[in-house]
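Could you walk me through how to read the main features of a protein model? I would like the general idea each time, and then the case at hand.

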Amino acid sequence: MHLDRLGGFRNMQIISPLLLYSYGVDLQQIYNRLETTKDRFPDEMLLVGEDCTAIIPILQSMLSELNKVNCPVTASSAEKPLNLMKDGRLTYGNLKYLLGEMDGRLRDEIKLTYAFSLTHQEANLWDPKAPLLGRAVADKFETAAFDIEEAGKCHALGRSTAAVFHCFRVLELGVKAVAKALQVSGLDKPVMKNWGNILTAIENEIKLRWPKETDRDSGDGELFWGIYTLMLAIKTPRNGTMHPARKYTEQEADSI
């Protein structure tokens, strides 16, 4: 399986280890076929029709796999027997030599490529089958989609502080949504870009609508006061993240 480049991870391709396994199986198939013909056909003899018919789809499959794992030099070697077959000039000796060339080039190219293995849980963060924060958030906060996706990808790769950074960018949209729901005024003013100021305005509005503590023990009062106290608890670590004062472990990022 091959997936397109995802998110902001430039030049990163997602591939399945099955590709390399398939390449090895395909290569072995050709070697096995040559093994059955070595006593019947000398190296200088052109490939017979039935061998061409059997080997062409295998080489084409290998060529496709090599392009996906970014091995252009090996792919170039894989094209050579195909081109020689088209011209009717591929001998058994040529094929053996080119298979050895492909094997050597692949070994060299793979040395220059890094591959990261993800667990099933990490893979679900990287390429989730459902919105990471649920369908309701995805539908109502479309502008958060990029940061939610990037938070998942960063967390999948163990880049915990980066994941938290994106989480707080998502949370900022939620803070503003709460302020709008309470009809806090002046949200477009520069001073309201500060979380502390927004939270103060939210607190004041809540206390204006539900002045007594008992008013905040049930209903909308309880809902908004609970959200406010949660955001207040998050404000300090959030400020530390936005003004690179600390780093986060995977466990902390997972919690956030």
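Q: Where do I begin: how many helices and strands does the protein have?
A: Happy to start there. This predicted model has 11 helices and 2 strands. Reading from the N terminus, the order is β-β-α-α-α-α-α-α-α-α-α-α-α.

Q: What do the radius of gyration and the globule rule say about the protein?
A: The idea is to set the radius of gyration against the value from the rule. Here the radius is 30 Å, while the rule gives 18 Å for 256 residues, so the protein is more spread out than a compact globule. The C-alpha trace spans about 95 × 35 × 30 Å along the principal axes. Serine 16 itself belongs to the loop between β2 (14–15) and α1, and counts as buried at 18% relative accessibility.

Q: What share of the residues is buried, and how much accessible surface is there?
A: Buried residues are 32% of the 256. The accessible surface is about 15,800 Å², and carbon and sulfur atoms hold 54% of that surface. As for contacts with a separation of 6 or more, 63% join residues 24 or more positions apart.

Q: How should I read a nonpolar core, and which residues have the most contacts inside the largest one?
A: In soluble globular proteins, nonpolar side chains tend to be buried together. In this model the largest nonpolar core has 28 residues, and Ile30, Met62 and Leu95 have the most contacts inside it. The elements giving two or more residues to this core are α1 (18–37), α2 (49–68), α3 (72–86) and α4 (92–110). Helix α2 supplies the largest share, 7 residues. For a close look, take isoleucine 30: beyond its neighbours within four places in sequence, isoleucine 30 contacts Ile55, Ile58, Leu59, Met62, Leu95 and Leu99. There is also a second, separate core of 16 residues, with Met192, Trp195, Ala201 and Tyr228 among them.

Q: How many aromatic pairs are there, and how do I describe one?
A: A pair of aromatic rings is described by the distance of the centres and the angle of the planes. The structure holds 3 such pairs. In one of them, tryptophan 210 and phenylalanine 224 have ring centres 6.0 Å apart and planes at 20 degrees, so this pair is stacked. Because tryptophan 210 lies in the loop between α9 (195–209) and α10 (219–242) and phenylalanine 224 lies in α10, the pair ties together parts 14 residues apart in sequence. Both partners are buried: tryptophan 210 has a relative accessible area of 17%, and phenylalanine 224 is at 14%.

Q: Is the pair of tryptophan 225 and tyrosine 228 stacked or tilted?
A: Tilted, with centres 5.1 Å apart and 40 degrees between the planes. Both residues sit in helix α10, 3 residues apart, about one turn of the helix. Tyrosine 228 is buried at 5% relative accessibility, whereas tryptophan 225 is partly exposed at 22%.

Q: Which charged end sits over the ring of tryptophan 225?
A: For this feature, look for a charged end placed over a ring. Arginine 216 has its charged end over the ring of tryptophan 225, 4.7 Å from the ring centre. Likewise, the charged end of lysine 153 sits over the ring of tryptophan 126, at 5.5 Å from its centre.

Definitions and conventions. Residues are numbered from 1 along each chain as its sequence is written. This is a predicted model: local features need pLDDT of at least 70, side-chain atom pairs count only at pLDDT 80 or more; totals for chains, interfaces and linings use all residues. Side-chain values use heavy atoms; hydrogens and water are left out. A nonpolar core is a set of buried Ala, Val, Leu, Ile, Met, Phe, Trp, Tyr and Cys residues joined through side-chain atoms within 4.5 Å. Buried means under 20% relative accessible area, exposed over 50%, partly exposed in between (1.4 Å probe, protein chains only). Helices (H or I, at least four residues) and strands (E, at least two) are DSSP runs, numbered from the N terminus. Contact means heavy atoms within 4.5 Å. Rings of Phe, Tyr and Trp (its six-membered ring) pair if their centres lie within 6.5 Å; planes under 30 degrees apart count as stacked, over 60 as edge-to-face and the rest as tilted. A charge sits over a ring if NZ of Lys or CZ of Arg is within 6 Å of the ring centre and within 35 degrees of the ring normal. The radius of gyration is taken over C-alpha atoms; the globule rule is 2.2 Å times the number of residues to the power 0.38. Accessible areas come from the Shrake-Rupley method with a 1.4 Å probe; for residues, only the protein chains shown count as cover.
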